[in-house]
Amino acid sequence: MEISTAQALTELIEELVCDLFPDAARVEKYGGVLFEAVAGDASSQVGGYFVYSAHMSVEFSHGAGFEDPAGVLEGKGKYRRHIKLREIADFHAKQLPFYLKQAFRG
């Protein structure tokens, strides 16, 4: 993934989380960024994002229970799901705000 694309997607995600969930904590971990609904409480982690060579993965700790009308959630784990973003347009095309709102609703 191009650095400029990763930076733009990071800014979009960070701005959205800050606007919608101003009390959320940001924790750098596992080579990416995790979000906690309650700062300092690791059990309140709702997900995060990780940049790879070909895409950015936005992970949801309890994504298996999410509504997914767009059919964009990937993964087969018991709890976790993720969305792969390969370009800036994917942020809206894959309705990332809809899924982030679900993540913080818990």
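Predicted model: local features only at pLDDT ≥ 70, side-chain atom pairs only at ≥ 80, totals over all residues.

Which residues in helix 1 meet helix 3? I listed Ile13, Leu16, Val17 and Leu20 on the helix 1 side. Facing them in helix 3 I have Leu96, Pro97, Leu100, Lys101 and Phe104. By class, that contact splits into eight nonpolar residues, no polar ones and one charged.

Helix 1 covers residues 3-20 and helix 3 covers residues 96-105. I looked up their axes, which come within 11 Å and cross at roughly 45°. Angles from 35 to 65 degrees fall between roughly parallel and roughly perpendicular, so I put helix 1 and helix 3 down as oblique to each other. The handedness of the crossing is right-handed.

I find five strands in an open sheet, in the order 1-2-3-4-5, and the pairing is antiparallel. Why does one side of strand 1 and of strand 5 lack a neighbour in the sheet? Strand 1 (25-29) and strand 5 (81-85) stand at the edges and have a single partner strand each, so one side of each is left without a neighbour there. From one strand to the next, the twist averages 20°.

Strand 4 (residues 56-60) pairs with strand 5 in the antiparallel sense, over five bridges. For Glu59, I noted His82 in strand 5 as the bridge partner.

How do the helices sit on the sheet? Helix 1 lies across strand 1, strand 2 (32-36), strand 3 (45-51), strand 4 and strand 5. Its direction is about 25° to strand 4. Helix 3 lies across strand 2, strand 3, strand 4 and strand 5, and runs at about 35° to strand 4.

Last entry, the rings. I count five aromatic pairs in the structure. One of them is Phe21 with Phe104, a stacked pair at 4.1 Å centre to centre with 15° between the planes. Phe21 sits in the loop between helix 1 and strand 1, while Phe104 is in helix 3. They are 83 residues apart, and I marked the pair as a link between distant parts of the chain.

Note on methods:
Residues numbered from 1 in each chain as written. Heavy atoms only, no water. Axes fitted to C-alpha atoms, helices over the stretch in contact; angles between N-to-C directions. Helix = DSSP H or I, 4+ residues; strand = E, 2+ residues; numbered from the N terminus. Parallel < 35°, antiparallel > 145°, perpendicular 65-115°, else oblique. Left-handed = near helix turned anticlockwise from the far one by under 90°. Contact = heavy atoms within 4.5 Å. Nonpolar A, V, L, I, M, F, W, Y, C, P; charged D, E, K, R; others polar. Pairing = 2+ DSSP bridges. Phe/Tyr/Trp six-rings, centres within 6.5 Å; stacked < 30°, edge-to-face > 60°.
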